[in-house]
Number of protein chains: 2
Amino acid sequence: MTNIQDVAKVAGVSVATVSRVLNNSSSVSARTRENVLKAIKELNYQPNLLGRNLRRMEARMILVLLPNISNPFYSRVVKGIEDVARKNDYFIMLCNTDSDASQEKLYLKLLKNRLSDGVIFLAPELKKEELSEIGINYPTVQCCEYKEGARVSHVTIDNYAAGYNAVKHLIDLGHKRIGLISCRNNFVSTKQREAGYRKALEDSGIDFDSRLITYGDYSFMSGMRCARQLLDLEGGVTAIFAISDVMAIGAMRAVKEKNMSVPKDIAVVGFDNISFASMSDPMLTTISQPKYEIGCTAMNLLLEQIKGSIKESRHIVLEHELIVRESTVGHSMNN
Amino acid sequence: MTNIQDVAKVAGVSVATVSRVLNNSSSVSARTRENVLKAIKELNYQPNLLGRNLRRMEARMILVLLPNISNPFYSRVVKGIEDVARKNDYFIMLCNTDSDASQEKLYLKLLKNRLSDGVIFLAPELKKEELSEIGINYPTVQCCEYKEGARVSHVTIDNYAAGYNAVKHLIDLGHKRIGLISCRNNFVSTKQREAGYRKALEDSGIDFDSRLITYGDYSFMSGMRCARQLLDLEGGVTAIFAISDVMAIGAMRAVKEKNMSVPKDIAVVGFDNISFASMSDPMLTTISQPKYEIGCTAMNLLLEQIKGSIKESRHIVLEHELIVRESTVGHSMNN
DNA sequence: TTGTATGCGTTATCAC
DNA sequence: GTGATAACGCATACAA
């Protein structure tokens, strides 16, 4: 493998000069630069970044921890992170945590071992103390999901307002018996969406019925299971709000199983606006998050920390949007 | 940041000894080892891998290039790659190429700059000469998709046989007018699946009709478009084989739009067995690839190259399977 | 404008 | 069983 010395020899200069050319550093004569570039080309020289990174004590690599790369929600967020990263000459390392704190810790070794310069959590599993500990020692940002109480910057939407909007939409359509498909986890987003649900009911004078709250695990199957439970309830429901699109799609499937139709018999609202939300039959009404912007913002926040200009943690809230489709007011072709 | 010298000082030994303990190297007395470990703990020392990697001239990082991380097909393959990588103390770097050769080249810099020790292509976009060039200089494996003619190892299924099986299944159900939703790309898999389609027809004495072949782009929408085209054809079709599940799901949607039902009026077969294939309504008959095993095999192949034990390129073919669900023989709840 | 020399943190070779 | 030390490839402070 050819190294900087070989280039220096061929170009008839010192390694320092080659290094200066490589880094577009100041003060190297046009003539010398040309010679060096010629030598680089001639030898097909590729700088060894292992050396450079050691010397500069940086990896130019960002750790991005997410539960599952195949979750369609995250792909746009990651795209935003990556675009900003690349623009600043960083690479990103995507790592599946499988929503498992021990796996998360495993990947954090990359931070501690200086193989990455910062970390973005898309859905942290660590306890808030552990997370704060990371945040104190390394550039850290939480993105979408975040841990309440951890002293770490985050970027998110207002999940409370979003939950409220989703349910208000159903109420405005005349629904009074509205089931909720939530999750038993400790995500702030979950609790806030649930709180928004309750507040919307309250504001409209609809009595809260705890039997209308069911708990899934973000999977299609759990969405079906929860919906069946709601449909079998005494008094039933006329609408369902699921805190994720995948569960909402499962719920629609359960409705059809009972030979009922969406939205005629049961209206359904999801959350996230994944691509499948507009491929489902009927197409799903849902809350859309500005996924790409969330990703960009998170990466910019991280860069500020890496550059050292920002120390205190910041909390950024971006705008969501209700996307009304067939599952609440449209006409499904199966009706 | 504390380094190996600090540890040596505290433990009262030389850096060499600390290094030996770190690497479980032979010949260090139990007593010394204990002292060193105590110092490591006391200082909360984390080895700086930038230094180690430079010294060992390796990155312990594998580049994994795929068109799009959110493509559900790839997630299991990646899981297989990752599991084997982790077992061998390698990390993987997932990179979106967006099916763009120039982006692919961008990421290949990580190889050339020694920031990764090998590369696995899930769907190479490079020309076969460029790919061969990479294969000659760096440990390289193609996984799932591969470029014909490139002298680079690959792991795949027999797409010809799989296409044949899919279509034969439809023929066995009595179908004679079978539309194909293919793609205009240069993937070997595409051509082979198409060839399998033609061969199955031929073997059953069904005349080939070129109007029955349509071309999408792997998207849901293109699946709808192609299906509409087939349904509007003079003579129509009674079955559709799509070379990807997503397009097959789009096709089913188009069938419903025309107030026809799957499978009663039109039978549909997909390819890949993504998770949504069993969530669609009706559930999709499809060809299943052993995604996880493909990933494991690819990574093992790469490790052999990295270790230097294998030089010539190898081509490994794994078994596929036809999964029969509601879209061809089942009973859809909408019928 | 350019060269010399040092050091980043680690491992590995060679003595002892 | 252990220590001294050179080396990995590069960037940079300092000298010239």
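The contact between the two protein chains takes 32 residues from chain A and 32 residues from chain B, where two residues are in contact if their C-beta atoms, placed from the backbone, lie within 7 Å. This is a predicted model, in which local features need pLDDT of at least 70 and side-chain atom pairs count only at pLDDT 80 or more, while totals for chains, interfaces and linings use all residues. Residues are numbered from 1 along each chain as its sequence is written, and chains are lettered from A and ligands numbered from 1 in the order in which they are written.

- On the side of chain A that touches chain B, the elements giving two or more residues are α4, α5 (72-87), β2 (91-96), α6 (101-112) and α11 (245-257) of chain A; helices (H or I, at least four residues) and strands (E, at least two) are DSSP runs, numbered from the N terminus.
- The most residues on this side, 5, come from α4(A).
- By class, the side of chain A that touches chain B comprises 18 nonpolar, 8 polar and 6 charged residues. Here Ala, Val, Leu, Ile, Met, Phe, Trp, Tyr, Cys and Pro count as nonpolar, Asp, Glu, Lys and Arg as charged, and the others, Gly among them, as polar.
- The copies meet through the same surface, because 100% of the interface residues of chain A are also interface residues in chain B.

**The surfaces near the DNA**

- DNA strand C is surrounded by 26 residues, and the closest are Ala16(A), Thr32(A), Ile4(B), Asn48(B) and Gly51(B); a residue is near a molecule or strand if its C-beta atom, placed from the backbone, lies within 6 Å of it.
- Two or more residues of the surface near DNA strand C come from each of α2 (15-22) and α4 (49-56) of chain A and α2 (15-22) and α4 (49-56) of chain B.
- α4(B) gives the most to that surface, with 5 residues.
- The surface near DNA strand C holds 12 nonpolar, 10 polar and 4 charged residues.
- Around DNA strand D there are 28 residues, of which Ile4(A), Ala16(A), Asn48(A), Gly51(A) and Ala16(B) come nearest.
- For DNA strand D as well, α2 and α4 of chain A and α2 and α4 of chain B each supply at least two residues.
- The surface near DNA strand D is made up of 13 nonpolar, 10 polar and 5 charged residues.

**Overall form of chain A**

- Chain A contains 12 helices and 12 strands.
- The radius of gyration of chain A is 26 Å, whereas a compact globule of 335 residues would have one near 20 Å; the value is taken over C-alpha atoms, and the globule rule is 2.2 Å times the number of residues to the power 0.38.
- Along the principal axes, the C-alpha atoms of chain A fill a box of roughly 85 × 45 × 30 Å.
- Of the 335 residues of chain A, 51% count as buried. A residue is buried if 20 or more other C-beta atoms lie within 10 Å of its own, exposed if 12 or fewer, and partly exposed in between, with C-beta atoms placed from the backbone.
- Among contacts in chain A with a separation of 6 or more, 70% are between residues 24 or more positions apart.

**Strands β6 and β7 of chain B**

- Strand β6 (residues 178-183) of chain B pairs with β7(B) in the parallel sense over 4 bridges; two strands pair if DSSP finds at least two bridges between them.
- Cys183(B) has Gly216(B) in β7(B) as its bridge partner.
- Thr214(B) and Gly216(B) form the covered face of β7 (residues 213-216) of chain B, and Ile213(B) and Tyr215(B) the uncovered one.

**Backbone features in loops**

- Asp281(B) and Pro282(B) are joined by a cis peptide bond with omega about 0°, and Pro282(B) is found in the loop between β9 and β10 of chain B.
- Asp281(B) is buried, because 22 other C-beta atoms lie within 10 Å.
- Asp89(A), in the loop between α5 and β2 of chain A, has a positive phi near 65° and counts as exposed, with 7 C-beta neighbours inside 10 Å.
- Ser99(B), in the loop between β2 (91-96) and α6 (101-112) of chain B, has a positive phi near 55° and counts as partly exposed, with 15 C-beta neighbours inside 10 Å.
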